[in-house]
Amino acid sequence: MSHDAPVKSASSKLVIRNIGLLLSGDLEHPILEADTVVAIDGVIHAVGQERDLDTAGATTTIDAKGTALAPGLIDSHVHPVCGDWTPRQNQLGWIDSCLHGGVTTMVSAGEVHTPGRPKDIVGLKAMAIFAQRAFHAFRPGGVKVYAGAPVLEQGMVEDDFRELAAAGVKFLGEVGLGSVKDGTTGRRMVTWARKYGIQSTIHTGGPSIPGSSLIDKDMVLETDADVIGHVNGGHTALPDDQIVALCERSPRALEIVHNGNERAGLLALRTARELKQLHRVILGTDSPAGSGVQPLGILRMVSMLSSLGDVPAEVAICMATGNTAKMRSLNCGLIAAGREASFVFLDTAQQSAGRDLLDSIQKGDLPGVGMVITDGAVSIQRSRNTPPATRVPEVVRA
Ligand SMILES: [Zn+2]
């Protein structure tokens with residue numbers, strides 16, 4: 001234990017038993033032969049068959065009732081502002097609504113909707129540090145929001161990135177949403193960011209709102225950000241040959257978003273599959289957006305890519321969990337010892353034509369969410385947003 005770990009008076013032990021299908025989030029082994037998960041103090045301790053595990057002394061026991069357990073979903077691309085409010089559609093409680101869509105972790109691609117967003121360098125640094133602090137301390141419904149993602153502006157120097165990293169900033173906002181709109185400057189700043197452990201994402205495609213501009217494949221390739229943000233446009237996509245070129249010529253993450261061009265998203269998926277690089281595909285919503293907030297956006301992406309892109313449902317789930325965690329160096333997204341104990345329980349939606357959960361997703365239906373756990377604690381039970389799950393887990397001892 002490190003010297004600054006929080007001192008706890010008593011440890012909590014969560015036992016989830018009677019799991020019908022364990023979706024690991026790991027593309028190498030998307031389905032595990034296991035019916036039980038044990039977590040201690042919010043961290044996964046063991047995964048396996050109940051008879052082989054030490055389940056004694058649980059402080060919370062959940063009977064999964066034969067439903068599927070998956071890692072809490074990750075939204076790789078959101079634009080939070082402050083608290084659980086967005087000015088984009090003047091909506092309250094949007095993050096909590098996404099929790100009801102199974103999302104337990106969000107990554108900010110920039111707090112760019114902030115009214116009066118400062119564009120001078122001291123101002124943008126102050127805003128990023130404020131957002132990082134505020135969302136670190138405030139978790140709507142339990143959702144972890146990695147916010148504080150500064151947008152690159154002309155005039156930033158290496159020392160700015162050192163200072164931001166030292167203050168706790170871990171992600172850049174989308175390159176291209178600020179005044180840096182050329183690959184040479186973008187690459188220089190992204191390289192500084194990387195040197196100090198700050199990850200980068202680039203806006204890809206046409207302008208998203210008045211004032212933003214086109215970022216084509218040449219700028220994306222030259223800038224070489226860690227994540228090719230909304231490779232399917234946000235919403236206006238690049239021409240097909242440019243999307244294929246990005247898949248072929250860059251090794252970086254290919255982010256497909258809900259608020260993008262669906263046909264282009266399927267093209268990126270198919271190209272990644274042909275290249276045998278599905279591990280690069282990660283999912284986001286890019287919400288709040290002009291078309292609103294989609295609380296079920298990540299689940300809708302999983303169903304869309306699985307049903308129209310001919311990807312097994314358990315593989316599509318990996319794109320919303322383990323792939324993103326690996327590409328973004330997050331300690332969630334996988335059901336494995338040592339990972340954050342954040343989970344979503346899924347089951348076939350009532351009256352789905354699918355013969356089981358995975359088949360229903362492959363047929364394009366949404367799964368029903370029966371419970372969400374964040375850091376080892378029950379955040380919600382039956383979702384108010386998904387179609388009703390046929391079976392739901394039950395807390396048998398809390
Ligand atoms: Zn964008």
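Reader: How are the donor residues of the zinc ion spaced in sequence?

Author: Their spacing is E-x28-H-x26-H. This is a predicted model, where local features need pLDDT of at least 70 and side-chain atom pairs count only at pLDDT 80 or more, while totals for chains, interfaces and linings use all residues. Residues are numbered from 1 along each chain as its sequence is written, and side-chain values use heavy atoms, with hydrogens and water left out.

Reader: What makes Glu174, His203 and His230 donors of the zinc ion?

Author: Donors are N, O and S atoms within 2.8 Å of the metal (3.2 Å for Na, K and Ca); water is not among the atoms, so sites may look incomplete. Glu174 (OE), His203 (ND1) and His230 (NE2) coordinate the zinc ion at 1.8 to 2.3 Å, so they meet the cut-off of within 2.8 Å.

Reader: Why can one say that glutamate 174 and histidine 203 tie parts together?

Author: Glutamate 174 sits in the loop between helix H3 (158-166) and helix H4 (183-195), and histidine 203 in the loop between strand E13 (201-202) and helix H5 (217-223), so the pair links parts 29 residues apart in sequence. Helices (H or I, at least four residues) and strands (E, at least two) are DSSP runs, numbered from the N terminus. Both glutamate 174 and histidine 203 are buried.

Reader: Why is glutamate 274 called exposed?

Author: Buried means under 20% relative accessible area, exposed over 50%, and partly exposed in between (1.4 Å probe, protein chains only). Glutamate 274 has 65% relative accessibility, so it counts as exposed.

Reader: What makes E15 mostly covered?

Author: In E15, five of its five residues are buried. Ala253, Glu255 and Val257 point one way and Leu254 and Ile256 the other way. In general, side chains in a regular strand alternate between the two faces of the sheet.

Reader: What makes E13 and E14 a pair?

Author: Two strands pair if DSSP finds at least two bridges between them. E13 and strand E14 (residues 227-228) have two bridges, in the parallel sense, so they qualify as a pair. Threonine 201 has valine 227 in E14 as its bridge partner. E14 and E15 also pair in the parallel sense over two bridges, and isoleucine 228 stands opposite leucine 254 in E15.

Reader: Why are E13 and strand E16 (281-284) called edge strands?

Author: The open sheet has four strands in the order E13-E14-E15-E16, with parallel pairing. E13 and E16 are its edge strands: each pairs on one side only.

Reader: How do you know which residues make the contact of H6 and H7?

Author: Contact means heavy atoms within 4.5 Å. Helix H6 (residues 240-249) and helix H7 (residues 262-274) pack at an angle of about 35°, with axes 9 Å apart. Asp240, Ile243, Val244 and Cys247 of H6 make the contact with Arg263, Ala264, Leu267, Ala268 and Thr271 of H7. Axes are lines fitted to C-alpha atoms, for helices over the stretch in contact, and angles run from 0 to 180 degrees between N-to-C directions.

Reader: Where does H7 lie relative to the strands?

Author: H7 lies across strand E15 (253-257) and E16, running at about 150° to E15. H7 also packs with helix H8 (residues 297-308), at an angle of about 65° and with axes 11 Å apart.
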